[in-house]
Amino acid sequence: MQIRTIVIIGAGAIGAYVYHGLYPLTESGNIRCCFIAEGERRKRLETNGLIINEVQYHPAVCTPEEANGADLVLISVKYSALPSVLESVRTIADSHTVVLSLLNGIDSEEILAEVIPASQIIYSLIRVSSQNLNGRITYNPASAFGIWAGECGEYDQKEALHALEQLFAGTDIPFHISEDIRKDQWHKFALNISANLPQAVLNVGTGAYEDSGHVGWLRDALASEVLKTAEAYGIHIEKVSYGNWKKNGRLSTLQDLDRKQKTEVDMFLGVLMDKAAEKGISVPYSEYTFHAVKALEEKNEGRFDY
């Protein structure tokens with residue numbers, strides 16, 4: 001199996017990072033890569049292109065019908081937009097297409113399996129600090145740790161994983177084959193929940209986790225509830241490993257609130273609460289934090305303008 005035609009669904013921070021990494025291969029003619037967009041979104045992307053690390057690019061743009069039969073589909077939309085692109089995925093994928101979901105969280109592959117065979121979906125995660133500020137996308141290559149992917153379930157996906165490994169070997173996107181991708185996904189899920197959300201509620205930099213025992217306690221309480229839920233699903237994680245952030249670091253949920261945008265709290269705590277409920281597990285700190293973030297979204301919408 002060789003990957004020669006690639007489509008990216010989602011032209012935000014993650015989609016732009018992947019496109020940027022693949023760009024040398026597109027320029028050399030080794031692959032064809034396009035973003036999926038229709039109507040006004042297509043016109044806007046074709047006209048404005050993408051500004052990535054202060055360089056402007058004009059990627060190819062195609063419709064789902066034009067992309068039918070692509071070798072690889074990379075999905076990088078917001079979690080809330082995933083249901084709206086399912087029909088596009090169904091249209092693009094044929095029996096040989098491989099699909100990678102680069103969303104945060106632990107259930108996007110389950111959602112995608114509603115429209116294409118689960119055997120074609122490679123479980124994966126991405127770790128990159130990438131921001132989209134007013135259409136200008138920036139990321140630090142030094143902190144772009146790349147993509148992890150691995151087999152999950154009863155399917156033999158070694159050929160597809162080898163093809164992905166060969167593809168990304170020709171780029172500056174690190175690609176790692178995981179021995180236990182579900183464990184890796186749950187670990188990142190725990191990290192995102194416990195590091196993103198307390199600072200978002202408190203509106204503080206990530207340095208507060210070390211400088212305040214109270215903020216650190218909130219982080220650890222959320223992490224404990226995620227790990228307890230993971231254990232109920234047969235996934236054992238000793239502890240959550242955190243990165244070395246700048247003291248004034250503002251992670252994705254707080255960035256969303258800063259921009260008065262909807263956050264991904266549904267993908268984080270909404271899913272966690274559902275998974276915990278299925279196993280009869282109580283997650284009170286997660287429930288409180290979920291409603292606190294939802295209240296901050298409402299505040300940004302002006303519902304408490306008094």
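A pocket here is an open set of grid points where a 1.4 Å probe fits, with protein on both sides within 12 Å along at least five of seven lines. Keep in mind that this is a predicted model.

**Exercise 1.** Work out how big the second largest pocket is and what lines it.

*Solution.* Start with the volume: the second largest pocket comes to about 310 Å³. Next, look at the lining, which has 13 residues. Closest to the pocket centre are Ala11, Arg44, Leu45, Gly49 and Leu50. Now ask which elements supply at least two lining residues each: helix 2 (39–48) and strand 3 (50–52) do. Helix 2 gives the largest share, with 4 residues. Finally, sort the lining by class, and you get 6 nonpolar, 5 polar and 2 charged residues.

**Exercise 2.** Describe how helix 6 and helix 11 cross, and say which residues meet there.

*Solution.* First, find the two helices: helix 6 covers residues 181–202, and helix 11 covers residues 284–300. Their axes come within 10 Å and cross at roughly 50 degrees.

Then pick out the contacts. From helix 6 come Leu197, Ala200 and Val201, and they meet Thr289, Ala292, Val293 and Leu296 of helix 11. Sorted by class, this contact has 6 nonpolar residues, 1 polar residue and no charged ones.

How values were computed: Residues numbered from 1 in each chain as written. Predicted model: local features only at pLDDT ≥ 70, side-chain atom pairs only at ≥ 80, totals over all residues. Heavy atoms only, no water. Axes fitted to C-alpha atoms, helices over the stretch in contact; angles between N-to-C directions. Contact = heavy atoms within 4.5 Å. Nonpolar A, V, L, I, M, F, W, Y, C, P; charged D, E, K, R; others polar. 1 Å grid on protein atoms, 1.4 Å probe; cavity = no way out; pocket = protein on both sides within 12 Å on 5 of 7 lines; lining within 4 Å. Points joined across faces, edges and corners; volume = space filled by probe spheres on them.
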